[in-house]
Amino acid sequence: MELSRVNQLSYEDFVSTFGNVVEKCPIVAAAVWARRPFGSVDALEDAISDFIDALPESGREGILRCHPDLAGRDLRVGTLTQESLKEQANVGLDALTSEEATSMARLNEDYKAHFGFPFVICARMNDKPNIFRQMRARMANERAAERERGIEEVKKICRLRLRDLVHADARVTL
Ligand code: 2AL
């Protein structure tokens, strides 16, 4: 889609187009619609980032909790969003060996038991070994640092999803 078209979208069409750039959080798109027109995709991304940063800690944790586990139940039973499915399949999380699947399930559960929110990483910017490494390494972080680390990953996922929807070099003169 061209940016000029993005800037013309009605509220309903904007939310239906961008409602899942932050996983299962259409409120993010609903909030930034009012900041149109956007002069670039970066400006749209910045508006989203500002909205997330302005949330209280509980809101940012809520965003993390909207993310499905990697290779978790949603993948097994087919209830991932199409964006998540594509991201998880890209790194082979839909084709883990039974040992890998057991290991990942345990890492997910240990992480959630420890921090109270799920492990989130931008799958498209990592490969499978690196994801396993990060799951282990990030367990050692402080809770607050880990919450912000998860949010950084949400923003990376968002950046790539946005660029799937809007031409990356799109600019308009405001
Ligand atoms: C995900 C997901 O569904 N896509 C992605 O890049 N990361 N989930 C997660 N828990 O990190």
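Guide: A nitrogen atom of the ligand lies 2.8 Å from a polar backbone atom of proline 68. Before going further, note that this is a predicted model, in which local features need pLDDT of at least 70 and side-chain atom pairs count only at pLDDT 80 or more, whereas totals for chains, interfaces and linings use all residues. Residues are numbered from 1 along each chain as its sequence is written, and side-chain values use heavy atoms, with hydrogens and water left out.

On its own the ligand has 290 Å² of accessible area, of which the protein covers 99% (Shrake-Rupley method, 1.4 Å probe). The residues around the ligand, those with a heavy atom within 4 Å of it, include Leu70, Ser84, Phe119, Val120, Ile121, Cys122, Ala123 and Ile157.

As for the wider setting, the domain assignment (automatic or from a database) gives domain 1 (3-62) and domain 2 (68-153). Their centres, taken over C-alpha atoms, are 24 Å apart, and 7 residues of domain 1 are in contact (heavy atoms within 4.5 Å) with 10 residues of domain 2. Arginine 60, in helix H5 (helices are DSSP runs of H or I with at least four residues, numbered from the N terminus), is in contact with Arg147, Glu148 and Ile151, among others. Arginine 60 counts as buried because its relative accessible area is 11%, buried meaning under 20% with a 1.4 Å probe and protein chains only.

Lysine 155 belongs to helix H10, and its side chain makes polar contacts (N or O pairs within 3.5 Å, one able to donate a hydrogen and the other to accept it) with serine 49 at 3.1 Å and with aspartate 53 at 2.7 Å.

Leaving out residues up to four places away in sequence, isoleucine 48 touches Val21, Val22, Val28, Val32, Cys158 and Leu162.

Note on methods:
Helices (H or I, at least four residues) and strands (E, at least two) are DSSP runs, numbered from the N terminus. Buried means under 20% relative accessible area, exposed over 50%, partly exposed in between (1.4 Å probe, protein chains only).
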